[in-house]
Amino acid sequence: MGKIADATGIHFRMLNKSKGPAIWSPRCQSDREWYSRDAARRILGQENLTTIRDTIVDICIENRRLTAIVTGGGLRIDCRAVVICTGTFLNAIMHTGRYTSTGGRYEEPASSGLSYKLASLGLKMGRLKTGTPPRVDRHSIDYDETEHQEGDKDPIPFSFQTKEIRNPQISMFLTHTNSKTHSILQQGFDDSPMFTGRIKGVGPRYCPSIEDKLYRFPGRERHQIFLEPEGYESDIVYVNGFSTSLPQEIQQRAIRTIPGLQRVKMLRPGYAVEYDYFPPHQLEHSLKSKFVEGLYFAGQVNGTSGYEEAAAQGLMAGINAALAVRGQSPFILKRNEAYIGVLIDDLINKGTDEPYRIFTSRAEYRLLLRQDNADSRLMKMGYEFGLVPNDSIKRLRQKEGRIQRAKEFLAVHSVRPSVVNPVLERAGSQSITENETLGKLLKRPEISISDLMSVESIGQSDAMLALLSDREAMDRVEIEVKYEGYLKRQEEQIEHLKRNESIAIPHDFVFDSVKSISKEGRERLANVRPRSLGQASRISGVTSADISVLMIHLRS
């Protein structure tokens, strides 16, 4: 997926660069048509993979074990593992004002029948809602009235196997709603399926519709609107921030009050989609159902919102389905290893009654889970699965060697005041009066590794010269030296976490028999059935006192 993004991206931007590296976040806008074609090419060209375009209408179960699926075309496929990744299509209804139609996406039909089959197996089911904004004609936009947002001049690829981004970057455009926009939108509230109760599903709190923003933040004078071209040659522009299910006529009038969009041509109105999902506490961390052996769930069917969360789950469910067929143990990423681990652990332990999105703030070890060190954290795991080629692992080892040598050099190499003070003064940093190690100087917020390398005796050293040809390694060295104390503290916290994770809870443990645990705690524990004390401690509604009691019983 990272390779496809790198091959088809038209706008790359590292978000939150004004803040610390723990929350830097790479963003990519891909050419919609290019992405679809490139993804299809890779899938259809994959060796030992057969693709069938059909609809699943039934799942065959024997003794709580999956045996086959049946398609709408009458084809029965015997199998030992199936990944359900139905997106927003299960019994889906689309809403625009008072007009409704069945479908999970524009001009794509809903999936009916599968929900009831899954519910008949004993799985609990819920209803969620998401939305999409209008699409407009790019030729009808007055870009002079918007704020141009250029992509990064030297974009960082998503895949560590991509050497550089070669696609030309195009701009996105920022504008805002205003009081006129809000006044017109409010005129449509009486016809809003959300406010009139026709939509029963819960919508996303963090990506609300424009009418929900007005309702929840009545004092806000304006809201950001991002105009995102769908591709180099496409005439379609995605109006990000204007997701809505209000009547089409209201959408048209309101959008034309926004600077730059006064004469805009709306190609397609926004709409809301309401769909079935299955609360994720019913899954193992492998994303396998606790009720049916061989049945896996991934994406919006688990209550998540957004393509990124769905993609991460699809990857993990696919890996674990394949491992199960091979008779191997599941692959489970922990909270301290990857954001995927945080995502899945949150879904299973905390559950969700609204569409879930992953944020850096959800990860207690986010300084360790940076995007710049993802290769060191995860690539070796991918290599063991045969998903990463030998040359990529070789490059990773060389890069890690450069990082280690540079960090050792910085830790022990001292410089005289006369050598480094001119550099410190230019950077607005306090001069030194005695010899100081480079590592200690680099910890200063205003000093960068480039500043230090401008000193000839430092920049010409073998350890530092090796960094000049490796931007990724140089960035890693600077971050890990500057935040060394914080990183060590998080590593100590992880050791404590590991101790709790190592205390296993028997599969047949009867939580209700431990009366010293609160009633709510017993109910939540019995519902999720955690596999370890660490997992139990992260379940919503389970108190620290409950965990202390549980630990005593497990050790007795």
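Predicted model: local features only at pLDDT ≥ 70, side-chain atom pairs only at ≥ 80, totals over all residues.
**Cysteines, Cavity and Pocket: Group Meeting Presentation**

How many disulfides does a search of the whole structure find? The search returns 0. A disulfide would require the two sulfur atoms to be within 2.5 Å. For Cys85, the closest cysteine sulfur is that of Cys79, at 13 Å, so this pair is also too far for a bond.

I turn now to the domains. The assignment divides the protein into four segments of interest: domain 1 (40-130 + 276-383), domain 2 (132-273), domain 3 (389-487) and domain 4 (503-554). The C-alpha centres of domain 1 and domain 2 are 28 Å apart. To the contact between them, domain 1 gives 28 residues and domain 2 gives 25 residues.

Next, the second largest pocket. Its volume is about 700 Å³. It is lined by 27 residues, and those closest to its centre are Leu368, Lys407, Glu480, Leu487 and Glu491.

Several helices take part. At least two lining residues come from each of H9 (374-384), H10 (390-412), H12 (438-442), H16 (471-482) and H17 (484-501). The largest share, 7 residues, is supplied by H17. As to residue class, the lining of this pocket comprises 15 charged, 7 nonpolar and 5 polar residues.

The structure contains 1 cavity of 30 Å³ or more. The largest cavity has a volume of about 50 Å³. Its lining consists of Phe12, Arg13, Met14, Pro26, Arg27, Asp152, Ile156 and Phe158. Strand S1 (9-15) and strand S2 (25-30) are the elements that contribute two or more residues to this lining. Which element gives the largest share? That is S1, with 3 residues. By class, the cavity lining has 5 nonpolar and 3 charged residues, and no polar ones.

Thank you for your attention.

Methods:
Residues numbered from 1 in each chain as written. Heavy atoms only, no water. 1 Å grid on protein atoms, 1.4 Å probe; cavity = no way out; pocket = protein on both sides within 12 Å on 5 of 7 lines; lining within 4 Å. Points joined across faces, edges and corners; volume = space filled by probe spheres on them. Helix = DSSP H or I, 4+ residues; strand = E, 2+ residues; numbered from the N terminus. Nonpolar A, V, L, I, M, F, W, Y, C, P; charged D, E, K, R; others polar. Domains from an automatic or database assignment. Contact = heavy atoms within 4.5 Å.
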